[in-house]
Amino acid sequence: MTNRFALGVLFVALYVLVSAAGEVYAAAYFQRADAFVALLLSFAVVCLTFNLLARHDTSKAGVGNRSLLVFAVLNVVTAISWIGLFIGLKYVEPAIVVAFMVALGPTATVWLNAVIRRQGVPPASDIVVSASIAMIGSYMIWISASGNAGVEWGAQSSFGIVLAIVAGLSLALTNVLVKLLFDRGFSGRQVLAHRFYGTIILLLGLVDYSSIVPEISQHWFAIAAVGVSTMIVPLLLIQQGIRYVEPFTVNMVLSTAPIITFLFQYFDSRIVPSSHTFLGNILITAVAVSNIYLQYRRSA
């Protein structure tokens with residue numbers, strides 16, 4: 001049990017590092033790009049890649065009626081969480097967007113896990129930690145609204161925050177649904193192959209088709225970099241992490257993402273370092289790391 005827990009935490013930690021770097025890069029790229037076109041192209045490549053990988057999978061799990069419903073819901077929440085994340089990055093400081101998502105994740109996951117996977121009332125320590133992170137997330141909202149963030153408050157900033165909040169709630173449900181599919185015998189490759197159809201369909205309805213060819217010709221490398229650094233490699237890592245540890249533990253490791261993202265922001269010249277953002281990120285990370293230790297002790 002101890003080795004599985006450590007391995008799961010390692011996979012999720014690597015996910016945090018790779019995705020943090022990718023999200024800061026994506027935020028800078030989306031300032032000059034047609035975000036919907038870039039996302040459509042990236043997700044099309046991601047979906048194709050994971051379907052090709054799934055062809056070599058040895059899992060024999062079949063998609064019955066109950067699992068089909070789980071996959072359908074997973075497609076919807078995946079579309080909401082990913083599009084909310086990337087559009088939020090366009091208008092709000094990346095470290096704050098990530099903080100909103102991970103601050104809501106543990107609180108939502110505690111109760112979603114109890115209801116969907118029927119695990120009963122969660123431990124009191126999990127509830128206390130979740131409430132603490134949610135309170136720090138509220139402080140991060142104040143940072144943005146008061147103009148104390150690293151990116152200047154603009155006309156679309158409120159929209160970006162709302163998207164980040166919705167994405168955080170959707171991400172929590174995503175982790176629980178993926179764990180549920182693993183419990184039913186599906187492999188990580190199978191889940192990844194069939195979870196992005198809803199995202200692509202939604203983007204097909206939002207995209208300006210006349211911008212597709214110019215976007216590819218001008219920014220093909222950036223589109224590929226966003227796809228690899230924020231989707232393909234991180235998703236392979238996070239899927240393995242979810243396989244080895246419980247969703248709440250996944251969210252606790254993900255709660256370290258804001259401070260990692262904040263550090264990567266020093267490579268983006270448009271972002272002014274904010275002491276308020278740094279404090280909020282430190283608080284979230286401190287609570288998360290403390291709870292990871294408690295989770296480790298419980299699994300030993």
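Colleague: Hi! How many cavities of 30 Å³ or more are there?
Modeller: The count is three. Keep in mind that the model is predicted.

Colleague: And what volume does the largest cavity have?
Modeller: About 290 Å³. It is lined by 22 residues, and the closest to its centre are Tyr-15, Glu-23, Met-101, Leu-171 and Leu-254.

Colleague: Which helices each supply at least two residues of that lining?
Modeller: Those are H1 (2-30), H3 (65-91), H4 (94-116), H6 (157-183) and H9 (212-244). The largest share comes from H9, with five residues.

Colleague: What is the lining of the largest cavity like by class?
Modeller: There are 14 nonpolar residues in the lining, along with six polar and two charged ones.

Colleague: Okay, new topic: helices H2 and H8. At what angle do their axes cross?
Modeller: Roughly 155°, and the axes come within 9 Å. H2 covers residues 35-54 and H8 covers residues 197-206.

Colleague: So are those two roughly parallel or roughly antiparallel?
Modeller: Roughly antiparallel, because angles over 145 degrees count that way. The crossing of H2 past H8 is left-handed.

Colleague: Which residues meet there?
Modeller: From H2 you have Phe-36, Leu-39, Leu-40, Phe-43, Ala-44, Cys-47 and Asn-51. On the H8 side they meet Tyr-197, Thr-199, Ile-200, Leu-203, Leu-204 and Leu-206.

Colleague: How many charged residues are in the contact of H2 with H8?
Modeller: None; that contact has 11 nonpolar and two polar residues.

How values were computed. Residues are numbered from 1 along each chain as its sequence is written. This is a predicted model: local features need pLDDT of at least 70, side-chain atom pairs count only at pLDDT 80 or more; totals for chains, interfaces and linings use all residues. Side-chain values use heavy atoms; hydrogens and water are left out. On a 1 Å grid over the protein atoms alone, a cavity is a set of points where a 1.4 Å probe fits but cannot get out, and a pocket is an open set with protein on both sides within 12 Å along at least five of seven lines; lining residues have an atom within 4 Å of a point. Grid points are joined across faces, edges and corners, and a volume is the space filled by probe spheres set on the points. Helices (H or I, at least four residues) and strands (E, at least two) are DSSP runs, numbered from the N terminus. Ala, Val, Leu, Ile, Met, Phe, Trp, Tyr, Cys and Pro count as nonpolar, Asp, Glu, Lys and Arg as charged, and the others, Gly among them, as polar. Axes are lines fitted to C-alpha atoms, for helices over the stretch in contact, and angles run from 0 to 180 degrees between N-to-C directions. Angles under 35 degrees count as roughly parallel, over 145 as roughly antiparallel, 65 to 115 as roughly perpendicular and the rest as oblique. A crossing is left-handed if the near helix is turned anticlockwise from the far one by less than a right angle, and right-handed if clockwise. Contact means heavy atoms within 4.5 Å.
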